[in-house]
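Subject: Handing over the structure

Hi,

Here is the structure I promised to pass on to you. Please have it open while you read, as my notes follow it from the whole chain down to single residues.

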Amino acid sequence: QLGLTQSGGGSAQPGGSLTLSCDASGSTLNLACLAWFRQVPGKEREGIALLYTGLDFTHIADSVKGRFSISRDNAKKTLNLQMDNLQPEDTALYSCAAGRCSWGPVATMLRGGNYEYWGQGAQVTVSS
């Protein structure tokens with residue numbers, strides 16, 4: 001059975017770091033697209049990190065580039081999002097996702113409809 005169980009999140013001060021993780025059941029991490037999304041109430045969901053497993057290709061959105069990174073630990077069956085130099089604008093609900101997407105433009109691969117499996121979400125709050 002495939003699925004994702006999310007952990008991590010919480011509060012941080014500006015400039016701080018947090019790590020989000022998703023534990024995968026079955027062969028979830030072998031699906032083509034693994035990603036992290038975030039959403040702020042009243043705004044559209046934003047795809048911030050993508051890992052296309054077939055090519056080991058990663059993409060980080062401009063809004064978090066240089067501060068966030070996505071990685072997969074096959075031995076531990078986890079998908080991770082490392083968040084450094086957090087800023088108040090990073091406050092959001094973060095969710096991991098996995099799906100059978102096809103290789104193509106990043107914007108297409110990061111469409112939420114491509115993802116069949118989602119973590120339960122974790123709130124990240126950045127404030128001083």
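Below is what was found in it, starting with the overall layout.

**The chain as a whole**

Please keep in mind that this is a predicted model. The chain has one helix and 11 strands. Reading from the N terminus, the order of elements is β-β-β-β-β-β-β-β-β-α-β-β. The radius of gyration is 14 Å, close to the 14 Å that the globule rule gives for 128 residues, so the chain is as compact as a globular protein of that length. Its C-alpha trace spans about 40 × 30 × 25 Å along the principal axes.

Of the 128 residues, 44% are buried. The chain exposes about 6,400 Å², and carbon and sulfur atoms supply 46% of that area. Among contacts between residues at least 6 apart in sequence, 59% join residues at least 24 apart. As for charge, there are 10 positive and 10 negative side chains, and the centres of the two sets lie 4 Å apart.

**The disulfides**

How many disulfides does the structure hold? There are two. With the bonded cysteines numbered in sequence order, they pair as 1-3, 2-4.

One of them joins Cys 22 and Cys 96, with 1.7 Å between the sulfur atoms. The angle about the S-S bond is -80°, which makes the link of Cys 22 and Cys 96 left-handed. This pair connects distant parts of the chain: Cys 22 sits in strand β3 (residues 18-25) and Cys 96 in strand β9 (residues 92-99), 74 residues apart. Cys 22 has a relative accessible area of 0%, so it is buried. Cys 96 also comes out at 0% relative accessible area and is therefore buried.

Cys 33 and Cys 101 form a disulfide too, their sulfur atoms lying 1.6 Å apart. Here the angle about the S-S bond is 45°, and the link of Cys 33 and Cys 101 is right-handed. Cys 33 belongs to strand β4 (residues 33-39), while Cys 101 is in the loop between β9 and α1 (106-109), so this bond ties together parts that are 68 residues apart in sequence. Both Cys 33 and Cys 101 are buried.

Leu 34 is found in strand β4. Because its relative accessibility is 0%, Leu 34 counts as buried. Which residues does Leu 34 touch, not counting those up to four places away in sequence? They are Thr 28, Leu 29, Ala 49, Leu 50, Leu 51, Thr 53, Ile 70, Arg 72, Leu 79, Ala 97, Ala 98 and Tyr 115.

Now to Asn 80, which is in strand β8 (residues 78-83). Is Asn 80 buried or exposed? Its relative accessibility is 15%, and the cut-off for buried is under 20%, so Asn 80 counts as buried. The C-alpha atoms of Asn 80 and Ser 21 are separated by 4.4 Å, although these two residues are 59 residues apart along the chain. Ser 21 is also one of the contacts of Asn 80 once neighbours within four places in sequence are left aside; the others are Leu 20, Trp 36, Ser 69, Ile 70, Ser 71 and Asp 73.

**Positive phi in two loop residues**

Finally, two backbone details to look at. Asp 56 has a positive phi of about 55°, although it is not a glycine. You will find Asp 56 in the loop between β5 (46-52) and β6 (57-60). With a relative accessible area of 57%, Asp 56 is exposed.

Asn 85 likewise has a positive phi, near 50°, and is a residue other than glycine. Asn 85 lies in the loop between β8 and β9. Its relative accessibility is 40%, so Asn 85 counts as partly exposed.

That is everything from my side for now.

Best wishes

Technical notes:
Residues numbered from 1 in each chain as written. Predicted model: local features only at pLDDT ≥ 70, side-chain atom pairs only at ≥ 80, totals over all residues. Heavy atoms only, no water. Disulfide = S-S within 2.5 Å. Helix = DSSP H or I, 4+ residues; strand = E, 2+ residues; numbered from the N terminus. Buried < 20%, exposed > 50% of the residue type's maximum accessible area, 1.4 Å probe, protein only. Rg over C-alpha atoms; globule rule 2.2 N^0.38 Å. Contact = heavy atoms within 4.5 Å. Areas by Shrake-Rupley, 256 points an atom, 1.4 Å probe, with all protein chains shown as cover. Lys, Arg positive; Asp, Glu negative; His and termini not counted. Charge placed at Lys NZ, Arg CZ, Asp CG, Glu CD.
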